[in-house]
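The following questions and answers work through one structure step by step. Please keep the sequence and the 3D view at hand while reading.

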6 protein chains.
Amino acid sequence: MKSVVVRNIERADPNAIGTLAGVGVSTAHEALGRSGLMKPYMRPIWAGASIGGPAVTVLAQPGDNWMIHVAVEQCQKGDVLVVGCTADNTDGMFGDLLATSLMARGVTGLVIDAGCRDVKSLKEMGFPVWSKAISAKGTVKATLGAVNVPVVCAGINVHPGDAVIGDDDGVVVVGRKHAAEVAIKGEKRQADEDGKRRQLASGVLGLDMYNMREPLAKAGLVYIDEPEGD
Amino acid sequence: MKSVVVRNIERADPNAIGTLAGVGVSTAHEALGRSGLMKPYMRPIWAGASIGGPAVTVLAQPGDNWMIHVAVEQCQKGDVLVVGCTADNTDGMFGDLLATSLMARGVTGLVIDAGCRDVKSLKEMGFPVWSKAISAKGTVKATLGAVNVPVVCAGINVHPGDAVIGDDDGVVVVGRKHAAEVAIKGEKRQADEDGKRRQLASGVLGLDMYNMREPLAKAGLVYIDEPEGD
Amino acid sequence: MKSVVVRNIERADPNAIGTLAGVGVSTAHEALGRSGLMKPYMRPIWAGASIGGPAVTVLAQPGDNWMIHVAVEQCQKGDVLVVGCTADNTDGMFGDLLATSLMARGVTGLVIDAGCRDVKSLKEMGFPVWSKAISAKGTVKATLGAVNVPVVCAGINVHPGDAVIGDDDGVVVVGRKHAAEVAIKGEKRQADEDGKRRQLASGVLGLDMYNMREPLAKAGLVYIDEPEGD
Amino acid sequence: MKSVVVRNIERADPNAIGTLAGVGVSTAHEALGRSGLMKPYMRPIWAGASIGGPAVTVLAQPGDNWMIHVAVEQCQKGDVLVVGCTADNTDGMFGDLLATSLMARGVTGLVIDAGCRDVKSLKEMGFPVWSKAISAKGTVKATLGAVNVPVVCAGINVHPGDAVIGDDDGVVVVGRKHAAEVAIKGEKRQADEDGKRRQLASGVLGLDMYNMREPLAKAGLVYIDEPEGD
Amino acid sequence: MKSVVVRNIERADPNAIGTLAGVGVSTAHEALGRSGLMKPYMRPIWAGASIGGPAVTVLAQPGDNWMIHVAVEQCQKGDVLVVGCTADNTDGMFGDLLATSLMARGVTGLVIDAGCRDVKSLKEMGFPVWSKAISAKGTVKATLGAVNVPVVCAGINVHPGDAVIGDDDGVVVVGRKHAAEVAIKGEKRQADEDGKRRQLASGVLGLDMYNMREPLAKAGLVYIDEPEGD
Amino acid sequence: MKSVVVRNIERADPNAIGTLAGVGVSTAHEALGRSGLMKPYMRPIWAGASIGGPAVTVLAQPGDNWMIHVAVEQCQKGDVLVVGCTADNTDGMFGDLLATSLMARGVTGLVIDAGCRDVKSLKEMGFPVWSKAISAKGTVKATLGAVNVPVVCAGINVHPGDAVIGDDDGVVVVGRKHAAEVAIKGEKRQADEDGKRRQLASGVLGLDMYNMREPLAKAGLVYIDEPEGD
C-alpha cells in the first residue's frame with residue numbers, strides 16, 4: 001500500500017448517476033447483471049435516504065480516521081465518500097463534525113466499512129450514512145492510509161469516480177465507464193417492472209406472466225393434492 | 001427432497017389465529033409452553049405490523065426464488081407465506097413485485113429465512129415482512145424446491161397450515177391442530193397479565209406478588225449491606 | 001460467584017450524571033479517555049432515548065430472569081438497571097411487566113446483555129432499553145445469580161453505582177468516583193466541538209483547523225495527480 | 001412443548017445406516033436430493049471420526065442438561081444422541097462423565113446444537129461429538145425438556161429413529177423410512193464417482209466428461225483472449 | 001483510561017495455580033461456582049496445551065501491539081500474559097518474535113482477545129496461545145494503552161496477578177485471593193468425579209446415581225410408550 | 001458482470017512467488033506494506049500446508065459451482081485457483097473430484113470464499129484448501145459467472161495472475177507486477193527478523209532493541225509501583 005492522495009480523479013457521468021439513483025439500488029444492481037452490490041451488513045443509519053454520486057475513496061487503518069480528514073479536501077459537490085478499512089473494524093470513525101465538513105463541500109453521503117457515531121445528530125442534519133456498525137468508539141489519527149486509490153468496501157472493489165448509489169436496500173457500485181450504459185438498462189427495467197406491477201395487481205399470476213409453467217414441468221415439478229405420508 | 005407442490009392443505013382455525021395474533025408473539029409463545037419461536041435474527045423490515053395467518057410453506061434453494069413464484073398460486077386470502085432455504089442465504093429473494101402479487105391474493109405477510117428487498121416500497125404498500133436480512137441481491141429461477149411441505153424456517157419446523165403469528169417481538173408458529181387450545185391459554189394469560197400489570201404499576205413488588213421470597217431464601221440467596229472485599 | 005444481594009450501594013453524583021447524559025455517549029466516552037464503551041451490539045430498542053443514572057447491577061443465568069425480579073427492590077428513583085449474563089444468551093429476559101414495576105420505582109432505563117421483548121409496548125410506555133437482541137423467548141426463574149456485584153456487560157466491567165449513559169450511539173459506563181471529573185471534561189469537550197463545528201460549517205478544512213498537514217507530510221503522505229498504473 | 005419421554009421408538013434399518021455411514025456425509029446428502037444437512041457450524045471436536053446410527057433425540061433448555069441425563073436410559077447400542085435446544089446456547093452441556101455413561105450403553109456419538117467440554121478426554125476416549133461450540137460453561141438441572149420428540153437441530157428437523165451420519169464434512173439426517181432407499185442411491189453415486197475420479201485423474205476435463213460445453217455456450221458463456229479494458 | 005504500567009503486582013499462590021491447572025478449566029470453573037470462564041470464541045491455536053499462571057495484563061488499542069512490547073519487561077517466570085483490547089479487533093498483534101521474548105523470560109502462555117500470527121512457528125516452539133482469531137494482519141506501535149490494570153478479556157474482568165488456567169476447553173480466571181480456596185474445591189470435585197466415572201462406566205445410570213427420578217417426576221416429566229399424533 | 005472466460009493471462013514471476021511462499025504469509029503481508037491479506041475467516045482445512053502460485057480466478061454464483069468446472073481448463077502447473085462469490089455463501093462448492101482434476105493439471109491449491117467438502121479425502125490427497133466454511137451442501141450447475149476476471153475474495157481484490165500465498169496464518173495476495181519487488185523486501189525482512197530473534201532469545205528486551213523507551217515516555221506512559229485506588 002502506497003500512502004498517496006490522488007488529487008484529480010475522473011468522475012462518472014452525473015446524468016447517469018442521477019438516473020441510477022432514481023431507479024434505486026435493487027434495479028441498478030439488476031441492470032448491472034446482478035453485481036456490484038455491497039454486502040448486506042451495510043445498512044443506512046436512518047431510513048428513507050436515497051443518494052447517488054461519484055466515489056471519493058479512502059483506505060483507512062482500523063481505529064484510525066486520519067485519512068478521512070485528508071479526504072475531505074478532495075471532495076466536490078455531489079460526491080459520495082467511500083471508506084474501506086485494512087482490517088475488520090467497527091470503531092466510530094465518523095461523526096457529526098466530519099459530516100459538517102463534508103456538507104460544507106456538498107458531499108451527499110458516506111459509505112463506510114466500519115462504525116459511525118453521533119447518529120441522532122446525523123439524522124437531524126439530514127446527512128445519510130451507510131455503515132457496518134454504530135459505535136461511539138473514538139479513533140486516533142496516527143497511521144497513514146490512502147485517498148482515491150481502489151478500495152474494497154463491504155466486498156466490492158470501488159475505484160475513485162465510480163457511481164455509488166445508496167438507499168434502504170443497501171449500496172451498489174457501478175464502474176465509472178459503465179454508468180451511462182447501466183443507467184439506460186435500469187430505466188428500461190423500471191419501465192418494464194411498472195407494467196408487470198399492474199398485471200400482478202390485477203391478479204395475473206407470475207407463473208403465467210413469466211411463462212414459467214412449462215419450464216417448471218420440464219424441470220420435474222409435480223403437483224399433488226395430498227401430502228405423502230411422512 | 002421431492003420437488004412437489006401440495007395443492008390442498010388444511011389450515012388452522014381462523015378464529016384461533018385471530019386470537020393468537022391479538023395476544024401477540026410473546027404471549028402466544030408462552031401459551032405454547034415456551035416453544036415455537038423463530039430465532040431472534042428474524043426481524044420485521046418495518047416496525048408496528050402485527051399479523052397472523054395459516055402458513056403456505058416454500059422450500060427454496062440459495063439464491064433462487066423460483067418456488068416463491070410457484071407458491072403464490074397456492075395462497076388464499078389471509079395466508080402467510082413462510083420461506084425456508086436449503087442453505088444459509090441472505091439474497092433478496094422477495095421484493096415489491098411479488099408483494100403486489102401476494103396482496104392481490106389477500107396474503108397478509110411474509111416470513112423468509114433469507115433476504116428481502118424493495119423495503120421502502122414494501123413499507124409504503126403496508127406489506128409486512130420478517131426476514132433474516134435486507135439485501136438487493138438478485139436471484140435466479142433455475143432450481144426446483146417445494147411448496148407446502150414441512151420446512152425449517154429460522155430454527156422452527158413449520159407445517160403447511162400451521163398458525164404463524166408475527167409482530168415486533170418476532171415470529172411464533174403454533175401447530176395447526178393446537179391453535180385453538182393455545183389461543184384459549186393465550187387469552188387467559190393476557191387477562192392474568194393485565195391484573196399483574198395493575199398491581200406492579202401501583203408499586204407492589206414482583207417478589208411479593210409472585211411469592212418469590214421463600215424460594216429465593218431456600219435456594220440460598222443472601223442479602224448483605226456491604227460488598228465483600230474484592 | 002456468591003449468590004448475594006448487596007443492599008446499600010453508593011451511587012455516582014447525580015449532577016455529574018446529568019451532565020454526562022447531556023453531552024451524550026460519544027462525548028462522555030472521549031472524555032473518559034476513549035474507554036468505558038460497551039460493545040456496539042448493544043442497541044436501543046427504539047431510537048431517540050437519552051438517559052443517565054447510577055447502575056444497579058444484576059448477574060443473571062442464561063434463560064433465567066429470577067435475579068431481575070430480585071433487583072427491582074434494590075432500585076431507587078433515577079437508577080439504571082444493568083444486567084450481565086454468565087453465558088451468551090439472547091432470551092427475552094425482560095418485558096413490559098418488569099418495565100411497569102421499574103417505572104413504578106422511578107428507574108429510567110435498562111441495559112441488558114441478553115434479549116428483550118414486548119418492544120412495542122415498551123416504546124409506547126416510553127421505557128428505554130439497550131439490549132443485545134429482541135426475542136420473545138420466555139425464561140425460567142430457577143437459578144440464583146447476584147445483585148449489585150460487579151458484572152461484565154457487553155465487554156465493560158460495571159460496578160454498582162457507576163454512572164451509566166445511554167443514547168442512540170450506545171452505552172458508556174463511567175466509574176462512580178470519576179463521574180464528576182469526567183463530566184467536567186465532557187462539558188469542555190462539547191464546548192470545544194461547538195466552536196469547531198462552526199468553523200467546519202463555514203468551509204474551513206479539518207486539515208487546517210487541526211494542523212494536520214505537517215504531521216501528514218512527515219509521516220510520508222504524498223499527493224499525486226495521476227494514479228499509478230495498476 | 002410437552003415434557004415427555006417417549007420410550008419405544010422405531011429405529012432406521014441398521015444395514016442402511018451402515019451403508020450411509022460408509023459412503024459418508026457428502027454422498028448421503030446428495031443421495032437424499034441435496035437435503036438433510038445440518039448447518040455448517042456443526043463441527044467435529046476431533047477430526048477423523050465417521051459414525052452412523054439411529055437418533056435418540058433430546059430437547060434441552062438453554063444452560064440446562066437435565067434432559068440429556070434422562071435420555072441416556074433410552075439409548076441402545078449403536079444409537080446416536082441428538083440434542084436440540086429451545087434457544088441459541090453454547091454452554092458446555094456435555095462432558096466426559098456423560099460420554100462414559102453413553103459409551104457404557106454402546107452409543108456411538110453425540111450431535112449437539114450447543115456446547116461441549118472435556119474435549120481432550122473425549123478424544124482420548126474415542127467418543128466423537130459434533131457441536132456448535134466448545135465451552136467449559138457449566139449447566140444446571142432445573143427445567144424439563146423432552147426426549148424422543150421431533151427436534152430441530154442445526155436447521156434440520158430430526159425425528160427419533162432417523163438415520164444420523166457424521167464425519168469431517170458435518171452431519172446429515174435421513175428420515176427413518178427413507179434410509180434404505182437413500183442408502184442404495186448413495187452406493188450407486190459412490191460407484192459412479194469412483195469411475196469419474198479415475199477419468200479426471202487421467203486428465204480428462206470435467207467440461208468434457210459432464211458434456212458441459214454445449215449448455216455453457218447456450219447459456220451465453222464467451223471465451224476471450226484479452227481482458228476488456230477495465 | 002490512564003496510560004500506566006504497574007510494576008509490582010501481587011501474584012496468586014503458585015501451588016494453588018498448579019493445582020488448578022492440574023484439574024483443568026472445566027473443573028476449575030465449576031469449583032468457582034460456574035463463573036470466571038472466558039467466552040468460547042477463545043480457542044487454543046494448537047491442541048493439547050494445558051497451562052496456569054498469574055496474569056500480567058495488557059490493555060491494547062485495536063491494530064496496535066505497542067503495549068505488549070511494554071508488558072514483556074513486567075513478566076516473570078511462570079506468568080501468563082493476558083491481552084484485552086479497547087475495541088473488537090482480530091489483527092495479528094502477536095507472533096513468534098514476541099513469543100521468543102516471552103519464553104526467554106519464562107512466560108508460559110498468552111491469552112489475547114484479538115488475533116495471533118506465526119501459528120506454525122508458535123506450535124513448533126511449544127508456546128501456547130488462546131486467541132479470538134488467527135490473522136497475519138500487521139499492527140502499528142502508535143497509541144498507548146496500559147499494563148497491569150484490570151482488563152476485560154473475552155467477557156471476564158481480569159486483575160493483575162489473578163490465576164489464569166487454559167486448556168482445550170478454553171480459559172478460566174480465578175481471583176488472586178480465592179485461588180487457594182478454589183483449588184481445594186477443584187481437587188475435591190475431581191476426586192468425586194473419578195468415583196462417578198467408575199460407576200457410570202459400569203453401567204449405573206446417572207438418573208439413579210444422582211437420584212434424579214423423584215425430582216423429575218415432581219417437575220412433571222411423563223414417560224409414554226407411543227408418541228402422540230403430531 | 002460479463003460471463004466471460006479469459007484464456008491467456010499473464011502470471012506473476014515464478015521465482016518471486018517461490019520467494020514469497022518461502023517467507024510465508026505474515027512476512028509477505030508486511031513486505032507489501034501491511035496490505036493484501038484476506039479476512040481471517042479464510043482458514044486452511046488442514047494445518048501445515050504452505051503454497052504459492054499465480055491466481056486463476058473464478059466468480060461463482062451462490063450455491064453454484066459451474067464456473068469452477070470451467071476454470072479447470074484454464075489452469076496450468078503451479079497455479080492456485082481463487083474463487084470469489086457474488087453473494088455470501090457457505091455451500092460445499094468444491095470436493096475431491098474437482099481436486100483430482102486440478103491435481104492432474106498441477107494446480108497447487110484452492111482459495112475459496114465459500115464452502116468446501118470431502119475434507120478428509122482432500123487431506124489424504126495432500127491438496128490444500130483455504131475456505132470460509134466446511135460444508136457438504138451440494139451445489140447446482142445452472143448460472144454463469146466468469147473466469148479470469150478480477151474478483152473480490154475474502155475482502156481482497158484479486159486479478160488473474162496475481163501471486164497468491166497461503167499458509168497456516170491465512171492467505172495474502174501480491175499484485176502480479178509487484179511480486180518481484182515485494183519478494184526482495186520479504187527476504188530482507190526475514191533476514192532482519194532472524195537477527196532480532198536471536199537477540200530476544202538471549203534476553204534482550206524489545207523495548208531496548210527497538211528503542212521504544214523514549215517514544216513511550218514522550219507519548220506519556222507512566223510507570224507506577226502501586227495501582228491507584230479503584
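Helices (H or I, at least four residues) and strands (E, at least two) are DSSP runs, numbered from the N terminus. The model discussed here is predicted.

Q: In which loop does E:Asp118 lie?
A: In chain E, strand β5 covers residues 109-116 and helix α5 covers residues 119-125. E:Asp118 lies in the loop between β5 and α5.

Q: Is E:Asp118 buried or exposed?
A: Phi of E:Asp118 is near 60°, a positive value in a residue other than glycine. Buried means under 20% relative accessible area. The relative accessibility of E:Asp118 is 17%, so this residue counts as buried.

Q: What is the relative accessible area of D:Ala154?
A: D:Ala154 is found in chain D, in the loop between β8 (151-153) and β9 (156-158). Its phi is also positive, near 50°, in a residue other than glycine. D:Ala154 is buried, and its relative accessible area is 1%.

Q: Which residues beyond its neighbours within four places in sequence is D:Ser50 in contact with?
A: D:Ser50 belongs to the loop between β2 (43-44) and β3 (51-60) of chain D, and with a relative accessible area of 43% it is partly exposed. From C-alpha to C-alpha, D:Ser50 and D:Ala21 are 6.9 Å apart in space, although 29 residues apart in sequence. Leaving aside those neighbours, the contacts of D:Ser50 are D:Ala21, D:Gly166 and D:Asp167.

Q: How many helices and strands does chain A have?
A: The C-alpha trace of chain A spans about 70 × 45 × 35 Å along its principal axes. Of its 230 residues, 63% count as buried. The elements of chain A are eight helices and 12 strands.

Q: What share of the contacts in chain A with a separation of 6 or more comes from residues 24 or more positions apart?
A: The contacts considered are those in chain A with a separation of 6 or more. Among these, residues 24 or more positions apart account for 77%.

Q: At what angle do helices α1 and α6 of chain A pack?
A: Two packed helices are described by the angle between their axes and the distance between the axes. For α1 (residues 14-23) and α6 (residues 179-201) of chain A, the axes are 8 Å apart. In chain A, α1 passes α6 in a left-handed crossing. The packing angle is about 35°.

Q: How do the residues of the contact of α1(A) with α6(A) divide into nonpolar, polar and charged?
A: On the α1(A) side, the residues include A:Ala16, A:Leu20 and A:Val23; on the α6(A) side, they include A:Val182, A:Gly186 and A:Glu187. The residues of this contact divide into seven nonpolar, four polar and one charged.

Q: As by which rotation axis are chain A and chain C related?
A: Two copies of a chain are related by a rotation about an axis and a shift along it. A rotation of 120° with 0.0 Å of shift along its axis superposes chain A on chain C, with an RMSD of 0.0 Å. The two copies are thus related as by a three-fold rotation axis.

Q: What ipTM does the predictor give the complex?
A: For chain A, the mean pLDDT is 96, and 98% of the residues reach 70 or more. For the complex, the predictor gives a pTM of 0.97 and an ipTM of 0.95.

Conventions. Residues numbered from 1 in each chain as written. Chains lettered and ligands numbered in written order. Predicted model: local features only at pLDDT ≥ 70, side-chain atom pairs only at ≥ 80, totals over all residues. Heavy atoms only, no water. Least-squares fit on C-alpha atoms with pLDDT ≥ 70 in both. pLDDT = per-residue confidence, 0-100. Buried < 20%, exposed > 50% of the residue type's maximum accessible area, 1.4 Å probe, protein only. Axes fitted to C-alpha atoms, helices over the stretch in contact; angles between N-to-C directions. Left-handed = near helix turned anticlockwise from the far one by under 90°. Contact = heavy atoms within 4.5 Å. Nonpolar A, V, L, I, M, F, W, Y, C, P; charged D, E, K, R; others polar.
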